[in-house]
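Hi there,

Here is the structure I promised to pass on. Please have a look at it, and then read my notes below.

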Amino acid sequence: MRTLEEKEKILDRYKPTHYKVGVVSKEMIGYLLDKFRGSEKIIKYKEAGSKGPVVMNYSPDREGMKPWFEPVQDLVWDLLGSNCYVWGSNIFRVEKPHIAHNDDYTEKNYPIYKTVVLPLEISKPTNFVTFDQAYLDGPVKLFRGYDPVPESYYNKSLTDYSDIINYTDKPFDKEMHEKYLSHIPIEALHGLTVEKVVSWTPGNAIIFDMGRIHSASNFITQDIKYKIGYSIFTAKDYN
Ligand SMILES: [Fe+2]
């Protein structure tokens, strides 16, 4: 668990979500898709009963810096500046949109920084939603009002929202819900407000603070069968 001081330090450097258009070349996208197709993939927490998504997990922190990753590291430094490092990453293929969650990590005491999401493959553009709220007491999925509360294999299933930073305790915007987030019961979005809706399109990069709550938009209503993307997790180098 973080101390109040550690949380303040993290929140002090919070910035609005940054959306960069056309920063990932077709070659780079092809390179990453090749890597994904050619590599061993796992269903995370399968032993615990998880049914997906399918991911290729690479952690420079655990596995050491592998040569294939160097262009990705350079891209991240271009996007974020060089005083940060990548500690983990996942190339994922999902057939169902993610629900509201944060990307916090507390197993190691990293000074968590930004998530960089690189959309890699999708049949047509979809959206990605970030909220004005954040949660810094561990990785969570937001399940207020669910009965039963679904099991979550890595993230904690959060039903009490009182520790969410910037929590409003007001009902979620109905139009936003219908337009982008109809895969989530509206009650589970209670107390949240939308920061940004950005396009999830290959070539672009979505950059947000790891504690910030975010969600995919409901691409099933757009008749999209799957999407492949790359989530890259960084920590701040204080030196
Ligand atoms: Fe995420």
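To start with a term: a residue is buried if 20 or more other C-beta atoms lie within 10 Å of its own, exposed if 12 or fewer, and partly exposed in between, with C-beta atoms placed from the backbone. Helices (H or I, at least four residues) and strands (E, at least two) are DSSP runs, numbered from the N terminus.

This is a predicted model, in which local features need pLDDT of at least 70, side-chain atom pairs count only at pLDDT 80 or more, and totals for chains, interfaces and linings use all residues. Residues are numbered from 1 along each chain as its sequence is written.

The protein chain has five helices and 12 strands. Of its 239 residues, 33% count as buried.

Glu-70, Asp-74 and Asp-78 are exposed on one side of α4, while Val-72, Val-76 and Leu-80 are its buried residues. Just after the helix, Gly-81 takes a positive phi of about 90 degrees.

Now to Ser-123, in the loop between β5 (112–122) and β6 (126–134). Ser-123 is exposed because it has 12 other C-beta atoms within 10 Å. Leaving aside residues up to four places away in sequence, Ser-123 touches Ile-224 and Lys-225; contact means C-beta atoms, placed from the backbone, within 7 Å.

Best wishes

Conventions:
Two residues are in contact if their C-beta atoms, placed from the backbone, lie within 7 Å.
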